[in-house]
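Subject: Structure for you to look at

Hello,

Here is the structure I promised to pass on. Please open it first, then read my notes below.

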Amino acid sequence: MKTTPVSTADLQRSVIAVPPFARQADLSPDEAANRALLRHLEQGGVRSVMYGGNANFYNISVSEYARVVDFLAESAGADTWVLPSAGPDFGKLMDQAAILRSREFPTAMLLPMSFPYTDAGLADGIRRFSDALGKPVVVYLKSSGYLAPATLARLIEEQRIVALKYAVVCPDPADDPYLESLLRAIDPRWLVSGSGERPAITHFRKFGLKSFTSGSVCIAPRGAMRMLQLLHAGRFDEAEQVRAQYLGMEDCRDEISPIRVLHDAVTLAGVADMGPMLPLVTGLSEQDRQRVAPVARALLQWDKEVVPA
């Protein structure tokens with residue numbers, strides 16, 4: 001596992017994969033399946049892997065947390081950046097920070113809080129989590145106005161934040177007042193496009209972002225890495241052609257459930273058997289599996305034929 005401090009180059013060198021986490025029938029971690037997914041990503045060129053919502057870290061117990069993050073650190077390649085998440089509530093944040101502080105992860109991401117919180121209170125929690133971790137952290141912005149731009153600018157100045165995962169979904173990603181307000185307060189290098197392939201080109205082309213996260217990369221890593229390389233080269237029309245291959249999977253995720261579809265799609269594509277989902281969520285219905293399966297398999301087959309940019 002890569003353990004050097006996170007830099008802008010780290011954020012830009014790879015698509016940041018946000019994979020599911022495989023479990024066995026008794027809900028214990030399936031180490032073989034999780035390693036198979038990691039190898040699939042690494043063989044496709046991915047070197048940054050973030051375990052958060054898709055991995056259902058919201059519902060992971062603190063008693064299991066050390067075992068899980070230690071396994072991920074041991075399983076990743078020497079040049080792979082593993083980014084675990086923590087929280088979202090303050091008690092869990094602090095308990096998990098104590099575990100992470102004694103490990104060599106270069107940072108961790110705060111899962112987004114939905115209720116209850118205030119701007120000042122959340123900023124205080126970020127400061128306390130960063131202090132407890134001993135490192136700057138990643139903050140996950142999932143709702144418009146989650147934190148005030150001025151608040152985030154202060155936290156960056158204090159070296160509390162190493163990156164912001166921006167995953168606010170807008171009907172038109174080019175019309176995003178919150179993102180525009182953020183970019184008036186902070187440099188775009190701090191922001192990572194956090195909603196997969198669909199808004200990534202607009203985020204690069206209009207707003208100047210330089211990296212993106214992806215769930216579908218877990219099925220098609222070579223294509224996602226090609227898209228990132230094309231975006232960095234300013235070859236946006238070619239990037240659009242690559243992105244088009246992902247929209248069938250992204251449509252399934254948007255229309256059914258982003259987390260549940262990705263979890264089962266990795267299995268249905270034949271990458272690795274993710275097993276059951278950790279409560280409080282469930283896998284897809286049989287009807288939805290029948291819809292997702294051919295899309296997932298076609299995406300994997302296409303990815304095998306991708307030539308790097």
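Which residue in S5 is the bridge partner of Met-109? It is Val-138.

Some ground rules first. This is a predicted model, with residues numbered from 1 along each chain as its sequence is written. Local features need pLDDT of at least 70, side-chain atom pairs count only at pLDDT 80 or more, totals for chains, interfaces and linings use all residues, and side-chain values use heavy atoms, with hydrogens and water left out.

**The sheet**

Helices (H or I, at least four residues) and strands (E, at least two) are DSSP runs, numbered from the N terminus. Two strands pair if DSSP finds at least two bridges between them. Eight strands form an open sheet with parallel pairing. Their order is S7-S6-S5-S4-S3-S2-S1-S8. Strand S7 (191-193) and strand S8 (213-214) are the edges, and each pairs on one side only.

**Around S5**

Strand S4 (residues 109-110) runs parallel to strand S5 (residues 137-141), and two bridges join them. Leu-110 of this pair stands opposite Val-139 in S5. To get from S4 to S5, the chain passes through helix H5 (residues 119-133). This β-α-β crossover is right-handed: with the strands pointing away from the viewer, the path from the first strand over the helix to the second runs clockwise.

S5 and S6 also run parallel, joined by five bridges. Val-139 has Leu-164 as its bridge partner in S6. S5, H6 and S6 make a right-handed β-α-β unit.

Cys-252 is in no disulfide either. Cys-218 is buried, at a relative accessible area of 0%. Cys-252 is buried too, at 2%.

Best wishes

Key:
Buried < 20%, exposed > 50% of the residue type's maximum accessible area, 1.4 Å probe, protein only. Disulfide = S-S within 2.5 Å.
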